[in-house]
Amino acid sequence: MNKIVMITGANGGIGKDTARQMALLKRTEKVYLACRNKEKAEAAKKELEELTKRSIFEIVLMDVSKPESVRSAVASLNEPIDALVMNAGGMGGKAPLEKTADGVTQMSATNLLGHVVLVDELIKADKLKNVAMYASSEVVRGVKKMGMKAPNLKTSSEEEFTSILDGSYFGATKDTMAVYGHIKYTATLWMSAMARKHPNLRFISMSPGGTKGTAVMDDLTFFKRIMFKYIGMPILMPLMGMAHNVDKGAERFIKGVNDASLKTGTFYASARNKLTGPVEDQSPFFPDLKNENFQDNADKAIHGFIR
Ligand SMILES: NC(=O)c1ccc[n+]([C@@H]2O[C@H](COP(=O)([O-])OP(=O)(O)OC[C@H]3O[C@@H](n4cnc5c(N)ncnc54)[C@H](OP(=O)(O)O)[C@@H]3O)[C@@H](O)[C@H]2O)c1
């Protein structure tokens, strides 16, 4: 089970440590590092080989914000994978609300569109055998201590999800963290829709929890970067028990992939009002996650951008 694994965004942060921990499991025979930057991917591969004393890493060049890059990466795969870790993501670069050629924002393209294409193409080519795990976030159900509210949509219609993906939902907002939360929410609903469409595969959404020491905050504006990256994440949040180290975040992804007791179509994250510690199903305190109409609307909305 899960002998061959692919991890997107595996050259740094939680993705790279997931690759390391995966390789420390004897059952793992190959780890595909799906990365957009060849030099960074090669440096990560070398480091991972040294850390694990295993030569089981293979680079696949893939920019998940570009469907054509994802399609050619899948076409280049010579064997099926057992498990996919959809880890690449974050704040969407320096212009997160700028639209791509596909009509979605950069942030939607990076966190969602490319992964939807990736899963669709893998399934079409019969190259996904067991489990797909998506890197979601506690922002999906709000983080009270940080003043982050859960998305509160008016209709949860296909049109409303479309407006989240193309950015029109947000008007002139500068609150990139709120935009990020809505996109991760749409992605989490899409995963649940996929679980119903493909009962032979497992679809798990998993948050790594508040994880310090990664580059996820690097694209925030200057003020927010100082607040989150240099004060909030490394100092205040650990003091409040709201952040853990990268290996803890990656451990959750290993669990998401390998723990067969987790239920397909479910979003696992920290307990209510927490960002660290054991994970649990989030739907008891955010029931919208289990609404099959909402799930299908999110799924249809994202597929509306795929040509
Ligand atoms: N850290 C947290 O507290 C936290 C909490 C909840 C959820 N998450 C989620 O966990 C995941 C990993 O986050 P992290 O903290 O490890 O962030 P990170 O250090 O910024 O790592 C993100 C990885 O994704 C890659 N990536 C970004 N855009 C890409 C693209 N278009 N194509 C291919 N690869 C791309 C990056 O590659 P480059 O080096 O080329 O940019 C990097 O390897 C993200 O999805 C994030 O949203 C993180």
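Is Asn 273 buried, exposed or partly exposed? In this structure, which is a predicted model, Asn 273 has a relative accessible area of 37% and is therefore classed as partly exposed. The residue is placed in the loop that runs between strand 7 (266-270) and strand 8 (279-281), and its phi is near 65 degrees, a positive value in a residue other than glycine. A positive phi is also found at Lys 53, where the angle is about 55 degrees although this residue, too, is not a glycine. Lys 53 belongs to the loop between helix 2 (38-52) and strand 3 (57-61), and with a relative accessible area of 72% the residue is exposed.

Lys 26, in the loop between helix 1 and strand 2 (30-35), has a relative accessible area of 81% and is exposed. The C-alpha atom of Lys 26 lies 41 Å from that of Thr 100, the two residues being 74 residues apart in sequence. Ser 156, by contrast, is a loop residue between strand 5 (128-135) and helix 5 (158-166) that counts as buried, since its relative accessibility of 3% falls under the 20% limit that defines this class. When residues up to four places away in sequence are not counted, Ser 156 touches Phe 161, Phe 294 and Asn 297.

The surroundings of the ligand were considered next. The ligand is surrounded by 29 residues, of which Arg 36, Asp 63, Asn 87, Tyr 180 and Thr 214 are the closest. By residue class, this shell divides into 15 polar, 10 nonpolar and 4 charged residues. Of the 900 Å² of accessible area that the ligand has on its own, the protein covers 92%. The elements that contribute two or more residues to the shell are helix 1 (13-23) and helix 6 (176-197).

Within these two helices, individual residues were also characterised. Gln 21, which lies in helix 1, is buried, with a relative accessible area of 14%. Leaving aside neighbours within four places in sequence, Gln 21 is in contact with Asp 247, Ala 250, Glu 251 and Ile 254. Ile 183, a residue of helix 6, is buried with a relative accessible area of 0%, and, with the neighbours within four places in sequence again left aside, contacts Thr 105, Met 107, Ser 108, Asn 111, Leu 112 and Ile 164. The C-alpha atoms of Ile 183 and Ser 261 are separated by 27 Å, the two residues standing 78 residues apart along the chain.

The largest nonpolar core holds 68 residues, and the members that touch the most other members are Met 6, Met 62, Ile 81, Leu 84, Tyr 185 and Trp 190. Helix 6 supplies the largest share of this core, with 11 residues. Apart from it lies another core, of 28 residues, which includes Ala 10, Ala 19, Met 22 and Phe 253.

Leaving aside neighbours within four places in sequence, Leu 84 is in contact with Met 6, Thr 8, Leu 118, Val 119, Leu 122, Leu 128, Val 131, Ala 132 and Met 133. Leu 118 itself is located in helix 4 (residues 106-124) and counts as buried, because its relative accessibility is 0%. With the neighbours within four places in sequence set aside, the contacts of Leu 118 are Thr 8, Met 62, Val 70, Val 74 and Leu 84. The C-alpha atom of Leu 118 is separated by 19 Å from that of Lys 38, a residue 80 residues away along the chain.

Definitions and conventions. Residues are numbered from 1 along each chain as its sequence is written. This is a predicted model: local features need pLDDT of at least 70, side-chain atom pairs count only at pLDDT 80 or more; totals for chains, interfaces and linings use all residues. Side-chain values use heavy atoms; hydrogens and water are left out. A residue is near a molecule or strand if one of its heavy atoms lies within 4 Å of it. Accessible areas come from the Shrake-Rupley method with a 1.4 Å probe; for residues, only the protein chains shown count as cover. Helices (H or I, at least four residues) and strands (E, at least two) are DSSP runs, numbered from the N terminus. Ala, Val, Leu, Ile, Met, Phe, Trp, Tyr, Cys and Pro count as nonpolar, Asp, Glu, Lys and Arg as charged, and the others, Gly among them, as polar. A nonpolar core is a set of buried Ala, Val, Leu, Ile, Met, Phe, Trp, Tyr and Cys residues joined through side-chain atoms within 4.5 Å. Buried means under 20% relative accessible area, exposed over 50%, partly exposed in between (1.4 Å probe, protein chains only). Contact means heavy atoms within 4.5 Å.
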